[in-house]
Amino acid sequence: MAGVRAGLLRAMGRQVLLLLAVCATGARGLYFHIGETEKRCFIEEIPDETMVIGNYRTQMWDKQKEVFLPSTPGLGMHVEVKDPDGKVVLSRQYGSEGRFTFTSHTPGDHQICLHSNSTRMALFAGGKLRVHLDIQVGEHANNYPEIAAKDKLTELQLRARQLLDQVEQIQKEQDYQRVSAYLLVIGEVS
C-alpha cells in the first residue's frame with residue numbers, strides 16, 4: 001500500500017509541475033502605432049545564451065476608410081538589436097510581416113528597435129502604422145509541436161522536454177540575477 005501511495009504522490013507531483021509549466025508560459029504580445037519616420041525601441045532583460053524570437057505584422061492606416069488595413073507588400077520594417085554593451089547583434093530589413101531571431105551572448109538589457117522603411121513609399125507619406133509585436137524568450141521560443149514531429153516524441157517525452165527546457169531557462173535567469181546582485185553589492189562596497 002505504501003508503494004502505491006508513493007507512486008500516486010509522484011504522479012500528482014508531475015501533474016502539479018506540468019500545471020505550473022503551462023501557467024508559466026506566456027506571450028509578450030502588444031501593438032503600437034508609429035509614424036512615417038518614428039523608431040520604437042523596447043528593452044528586454046535576457047540571460048546569457050538565450051534564444052529570442054520576435055514575430056510582427058504591420059497594418060497601415062487608411063485615411064478614407066478610417067481603419068487599419070493590411071500593409072502593402074513594399075512596406076517593411078527594419079529591426080535592430082543591441083546587446084548591453086551597445087554592440088549590434090542584429091540589423092536587418094524585413095517585409096510588412098516577419099520573424100526575427102537572435103541568441104544573446106551577453107546577459108543583460110538588450111535593446112530591440114523597429115522602424116519602417118516608409119521613406120521609399122509615397123503611399124505611406126505622413127501616415128501611421130500599427131505594428132503587432134510578439135517577443136518570445138528562452139524556452140517560449142521553442143516550437144514544441146515541430147520538435148515532437150521531428151524527434152518522434154510521445155506526449156510524455158515532449159512534456160519532459162518542455163520541463164527540462166524550463167528548468168534550464170530558470171537556471172540561466174537565476175545565474176544572471178546572482179551575478180547582477182553580486183556586482184551591485186561590490187559596487188556599493190567600493
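Reader: What does contact mean here?
Author: Contact means heavy atoms within 4.5 Å. Among contacts in the protein chain between residues at least 6 apart in sequence, 74% join residues at least 24 apart.

Reader: And what is the basis of the model?
Author: This is a predicted model, in which local features need pLDDT of at least 70, side-chain atom pairs count only at pLDDT 80 or more, and totals for chains, interfaces and linings use all residues. Residues are numbered from 1 along each chain as its sequence is written, and side-chain values use heavy atoms, with hydrogens and water left out.

Reader: How many helices and strands are there?
Author: The protein chain has 3 helices and 9 strands. Helices (H or I, at least four residues) and strands (E, at least two) are DSSP runs, numbered from the N terminus.

Reader: Which residues of helix 2 are buried?
Author: In helix 2 (residues 144–151), Tyr144, Ile147 and Ala148 are buried. Buried means under 20% relative accessible area, exposed over 50%, and partly exposed in between (1.4 Å probe, protein chains only).

Reader: What about the face turned away from the buried side?
Author: That face of helix 2 carries the exposed residues Pro145, Glu146, Ala149 and Lys150.

Reader: Turning to the open sheet, what is its strand order?
Author: The order of its 4 strands is 2-8-5-6, with antiparallel pairing. Two strands pair if DSSP finds at least two bridges between them. Strand 2 (39–46) and strand 6 (88–94) each have a single partner strand, so one side of each is left without a neighbour in the sheet.

Reader: How many bridges join strand 2 to strand 8?
Author: There are 8 bridges between strand 2 and strand 8 (residues 108–116). Cys41 stands opposite Cys113 in strand 8.
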